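Here is a friendly walk through one model, meant to be read with the coordinates open beside you.

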Amino acid sequence: MSNHCASCGKADTKLKSCKACMMVKYCGLECQAAHRAIHKKACREKAKELFDEKLYAQPRRKEDCPICMITLPCCETESVYMACCGKYICNGCRYCLTRAFCPFCNAADPTTQEETMKRLTERIEKFNDPDAMLLLGQSYQDGLNGLPVDQSKAFELFQRSSELGCALGHYNVGYSYKYGNGTAVDEKKAVHHYQIAAMMGNMAARNNLGSVELENGNYQRGMKHYMISAKCGSKVSLDNIKEGFKDGLVTKEDFENTLRDYQASCDETKSEQRDRAEVIERESNM
């Protein structure tokens with residue numbers, strides 16, 4: 001990048017780069033405004049290119065379960081949040097605990113809905129915990145743990161959670177905007193929050209982005225989202241890739257690579273304990 005102002009041509013080592021595209025530099029706001037008409041089109045194209053690089057980058061692997069030290073599954077329902085101390089552990093370790101106490105802080109498991117809500121509230125009040133906000137929001141959203149259904153309250157908590165950097169908080173804000181839960185429908189804001197959540201590693205948001213792109217006729221962009229999500233272990237996205245392959249939207253090479261990466265991701269998060277927990281969960285829902 002040149003050390004000359006793109007507008008007046010002045011050479012200076014203290015010029016400021018255009019924050020959107022990072023391609024050119026200016027003396028200040030006056031020069032940037034004067035050059036805007038010339039630079040506008042190229043700036044937008046470059047900014048979109050840079051954003052897509054971040055959006056379609058393969059996310060980092062999830063953290064390990066702090067007990068078994070195996071990577072946490074990509075599906076959030078396969079992990080459990082310990083409201084006593086704010087830890088996440090996999091369902092396998094949770095179901096296999098022989099004591100009704102937290103393995104980290106030794107707090108007894110809550111025995112009532114009121115106690116569960118009290119712990120979440122305490123986590124929020126004492127630690128401003130975004131995960132506790134998220135779970136409290138989900139309780140209001142679905143009327144769980146003795147709380148009434150209150151979509152507006154749920155949306156408020158999801159927003160607070162997302163503002164503190166919770167990926168699942170962003171996903172829920174996006175979902176709320178998409179379907180008008182506790183707020184007005186706003187497709188643009190829904191996509192915005194889905195994108196943030198996806199870049200933070202939330203595969204449900206990534207899969208939803210794929211569906212949005214397909215609805216808009218952007219088939220290749222949609223399939224790219226599905227491939228990223230499937231490679232992280234999302235069965236839903238893998239099924240979408242299979243359909244895309246049948247319809248000629250995915251090449252044989254990409255399909256085979258995605259299958260291999262999906263299996264590798266599943267193997268990385270697999271354990272006998274987690275398989276046992278899945279069986280217990282399935283039988284309890286029968």
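Helix α8 has a set of buried residues: Met203, Ala205, Arg206, Asn207, Asn208, Leu209, Gly210, Val212 and Glu213. Buried here means under 20% relative accessible area, while exposed means over 50% and partly exposed is in between, with a 1.4 Å probe and protein chains only. Helices are DSSP runs of H or I with at least four residues, numbered from the N terminus.

Before going further, please note that this is a predicted model, in which local features need pLDDT of at least 70 and side-chain atom pairs count only at pLDDT 80 or more, whereas totals for chains, interfaces and linings use all residues. Residues are numbered from 1 along each chain as its sequence is written, and side-chain values use heavy atoms, with hydrogens and water left out.

**Around α8**

What covers the buried residues of α8? The cover includes α1 (29–55), α6 (167–179), α7 (187–199), α9 (219–231) and α10 (235–246). The length of the helix can be checked too: α8 runs over residues 203–215, and its 13 residues should span 18 Å at 1.5 Å a residue, which agrees with the 18 Å between its end C-alpha atoms. The expected span is 1.5 Å times one less than the number of residues.

At the N-terminal end, α8 is capped by asparagine 202, with a side-chain oxygen 3.3 Å from the backbone nitrogen of alanine 204. This is a polar contact, a pair of N or O atoms within 3.5 Å; within protein, one must be able to donate a hydrogen and the other to accept it, and residues adjacent in sequence count only if both atoms are side-chain atoms. Asparagine 202 belongs to the loop between α7 and α8. Is asparagine 202 buried or exposed? Its relative accessible area is 1%, so asparagine 202 is buried. Not counting residues up to four places away in sequence, asparagine 202 touches Glu76, Ala167, Leu168, Tyr171 and Ala197, where contact means heavy atoms within 4.5 Å. Just after α8, glycine 217 adopts a positive phi of about 80°.

**Charged pairs**

How many salt bridges does the structure hold? The count is 17, each being a side-chain nitrogen of Lys or Arg within 4 Å of a carboxyl oxygen of Asp or Glu. Side chains of opposite charge can pair when their charged atoms come close. Three of these pairs are listed below.

| glutamate 115 | arginine 119 | 3.5 Å |

Glutamate 115 and arginine 119 are about one helical turn apart because they sit four residues apart in helix α3 (residues 113–127). Glutamate 115 is partly exposed at 26% relative accessibility, whereas arginine 119 is buried at 15%. Both aspartate 129 and arginine 123 are buried.

Helix α12 (residues 272–284) holds glutamate 278 and arginine 282, which are four residues apart and therefore separated by about one helical turn. An α-helix has 3.6 residues a turn, so residues three or four places apart point the same way. Glutamate 278 is partly exposed, with a relative accessible area of 48%, and arginine 282 is partly exposed as well, at 46%. Elsewhere, salt bridges that share partners join Lys48, Asp52, Glu213 and Arg221 into one network.

**Two further asparagines**

Asparagine 91 lies in helix α2 (residues 91–96) and is buried, with a relative accessible area of 15%. Leaving aside neighbours within four places in sequence, asparagine 91 is in contact with Thr77, Glu78, Ser79, Val80 and Ala277. Between asparagine 91 and cysteine 5 there are 86 residues in sequence and 57 Å in space, C-alpha to C-alpha.

Asparagine 285 is in the segment after α12, and at 59% relative accessible area it is exposed. From asparagine 285 to leucine 136 the separation is 149 residues in sequence and 23 Å in space, C-alpha to C-alpha.

**Cysteines**

With a disulfide taken as a pair of cysteine sulfur atoms within 2.5 Å, the count comes to zero. Cysteine 96 is partly exposed, with a relative accessible area of 24%. For cysteine 232, the closest cysteine sulfur is in cysteine 74, and the 6.9 Å between the two is likewise too far for a bond.

Key
Helices (H or I, at least four residues) and strands (E, at least two) are DSSP runs, numbered from the N terminus.
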